[in-house]
Amino acid sequence: MKQLNYIFVLLTGSLLCSTMLQAQTVRYVKPGGSSAEQALQATSWVEACADLQAVVDASSAGDSVFVAEGTYTGAFLLKEGVHVFGGFSASAPEAGMADRKPMQHKTILDGANVQRVLTQTTVFASPTLWDGFVLQHGNARAASSEGAIYNLDQLNELANAGGGALLLANSMLRNCQVISNTAFGRGGGIYAGPGAHVQGCLVENNTAPAAAGVYLAGAGSVLTNCTVVKNKQIRASQPATLPAIGHFYYADGSWSDTFTAGKELVGIICGINASNPYSGLILHTEEASDRTWALGNTAASGFAPAGYVWRQPSIDELAGIYTHKAVLNTRLATATGTGLSDVDYWSTTEVGGNSAWRINFGTGSTQHLTKGGAIRVRAVTGF
């Protein structure tokens, strides 16, 4: 068995065939597309469906699914023989494989910190490829619903494994970024079972009690040309005290109701996941001055400490921060941070192509503002 937490990796070995067979049918997925009921007919960008899982389920072995840039939240299941490709422009309906740019057109699969992002439920006989995605905020726990797919002797091993992706035989994850996922077993980022392949991926900022980055579970599990960095091994058992809004969150993965001088502080807990009370959202102790929405996203991603994926909050997350403003400001003052001011703050939630939602922290009013406007920026990260 191989456990990978914080290394640069260049391995060679047998791989799934990287040349996709001639697809029988190509189906298309994009934000704002048709409903799940139209998945079978999503055979062009014009007819694209918004429901990624529905389109995968509607496809047959040998088919391909092209997915346009955007964020798709949920838990996604591989289907044997169906190849799924991200990295297409949402604004270029003529885009084909030659136009695909995964690094430019980010296609994000988000587990919302409550579920594993990508799961293979059984060993495949036919090669199956997912290529060009960002897998983020996944959470693998035995209590999750997908645990029911495994027999009892596998339950604790696999239901807790692979916060970003759980791969078994004849699957390949290629050209993906696997970031900020958590597992309560092995493989915070990826669990690669016997016969699974991971190629050309960045695996960063994931956590688990063992193999925080990637766990190679047996013969034929292969990691090739991947970068595995800044992953953190955390305690296997849960602490006795549940985290709460206003708790101080530290770099060693602990939290407390009172500030501990001398420990590296990450931020203040500002949200708790209802379905997993040991995970949630951390508010940074500082903020960025007024700037446009795009520059705000850039500024948020550059916050320290390193090893965390800092970002602007969604509109729902921002509303939660506003609700707990008084408590958070008290804790921010204790940590000598910058308090939340009575001004407008950006969210990442867009309205069309030119505007995004904001909240005024003086009045609580929620309105959308053109992205060229300049307002305050606050950063959050998951735990």
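Reader: Why is C176 called buried?

Author: The model is predicted, and in this model C176 has a relative accessibility of 2%. Buried means under 20%, so C176 counts as buried.

Reader: What makes C270 count as buried?

Author: The relative accessibility of C270 is 5%. The cut-off is under 20%, so C270 is buried.

Reader: How many disulfides does a search of the whole structure find?

Author: The search finds zero disulfides.

Reader: Why is G320 called partly exposed?

Author: G320 has 24% relative accessibility. Buried is under 20% and exposed is over 50%, with partly exposed in between, so G320 counts as partly exposed.

Reader: Where is G320 found?

Author: G320 lies in helix α4, residues 315–323.

Reader: Which residues of helix α3 are buried?

Author: In α3, residues 293–301, the buried residues are W293, G296, A299 and A300.

Reader: Why are the buried residues of α3 said to line one face of the helix?

Author: Looking down the axis of α3, the buried residues fall within an arc of 115 degrees, so they line one face. L295 and T298, on the other side of α3, are exposed.

Methods
Residues numbered from 1 in each chain as written. Predicted model: local features only at pLDDT ≥ 70, side-chain atom pairs only at ≥ 80, totals over all residues. Heavy atoms only, no water. Buried < 20%, exposed > 50% of the residue type's maximum accessible area, 1.4 Å probe, protein only. Helix = DSSP H or I, 4+ residues; strand = E, 2+ residues; numbered from the N terminus. Arc of directions from axis to C-beta. Disulfide = S-S within 2.5 Å.
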